[in-house]
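Hi,

Here is the structure I said I'd pass on.

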Amino acid sequence: MPRNVEIKARVRNPAQLRARAQSVANGTPVEIQQDDTFFVCHSGRLKLRIFSESQGELIFYKRDDSPEPKESQYVIAPTSTPHKLRETLALALGECGRVRKTRTLFLAGKTRIHLDEVEGLGHFMELEVVLSDGETVAQGIKTAHRVMQQLGVCDEDLVDRAYVDLLKAMRVFRA
């Protein structure tokens with residue numbers, strides 16, 4: 001399975017972080033609208049990410065819930081019928097959450113820097129350090145820490161769970 005090392009952090013100053021991300025990025029950022037539907041899955045997480053009527057990705061991943069940089073293993077299957085696939089998976093497995101966001105993607109070497117505005121949650125940043133075959137998780141963690149320092153990301157801003165879990169926790173807290 002492909003692997004990366006990931007972190008997620010709350011963003012206090014989106015404009016400042018965007019400027020810092022641009023300063024370390026290889027090129028211009030890409031703006032992406034994402035609508036993620038999560039399905040019941042007992043061996044990891046399964047989500048369908050919809051970009052448009054004719055473009056989506058079914059993504060299975062395994063990752064610990066920890067604020068520290070951590071390994072994520074994943075498989076991505078593109079689809080040209082994302083809405084039909086969402087309907088099929090919802091009927092077969094059941095939906096367990098939905099996350100809508102605007103993502104700004106910067107590339108810095110083998111690191112993907114995501115600046116996310118998540119509906120109902122606010123501003124966040126994710127790093128994904130892509131690991132090549134033979135590269136260790138420790139090497140990915142070292143790269144993640146270096147990029148975090150370049151971006152000014154503090155340990156107290158790190159988040160230990162997925163957006164879908166943060167949204168669920170907010171609903172429970174408000175109820």
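Predicted model: local features only at pLDDT ≥ 70, side-chain atom pairs only at ≥ 80, totals over all residues.

Residues are numbered from 1 along each chain as its sequence is written, and side-chain values use heavy atoms, with hydrogens and water left out.

Back to Glu31, which sits in strand E2 (residues 30–39); helices (H or I, at least four residues) and strands (E, at least two) are DSSP runs numbered from the N terminus. The side chain of Glu31 also has a polar contact of 3.0 Å with that of Thr104. Those two residues are 73 apart along the chain, yet their C-alpha atoms are separated by 4.6 Å. Leaving out residues up to four places away in sequence, Glu31 touches Arg18, Thr102, Arg103 and Thr104, with contact meaning heavy atoms within 4.5 Å. Glu31 counts as partly exposed because its relative accessibility is 47%, on a scale where buried is under 20%, exposed is over 50% and partly exposed is in between (1.4 Å probe, protein chains only).

Now the fold. Eight strands form a closed barrel in the order E1-E5-E4-E3-E2-E6-E7-E8, with antiparallel pairing (two strands pair if DSSP finds at least two bridges between them). E1 and E5 (residues 70–79) pair over four bridges, and Glu6 stands opposite Lys70 in E5. Helix H2 (residues 82–93) packs on the sheet, touching E2, E3, E4, E5 and E6, and its direction makes about 155° with that of E3; axes are lines fitted to C-alpha atoms, for helices over the stretch in contact, and angles run from 0 to 180 degrees between N-to-C directions.

Last, the inside. The largest nonpolar core has 17 residues, and Met125 and Leu151 are among those that touch the most other members. A core here is a set of buried Ala, Val, Leu, Ile, Met, Phe, Trp, Tyr and Cys residues joined through side-chain atoms within 4.5 Å. H3 gives the most to this core, with three residues.

Cheers

Key. Polar contact = N/O pair within 3.5 Å; in protein donor to acceptor, adjacent residues only side chain to side chain.
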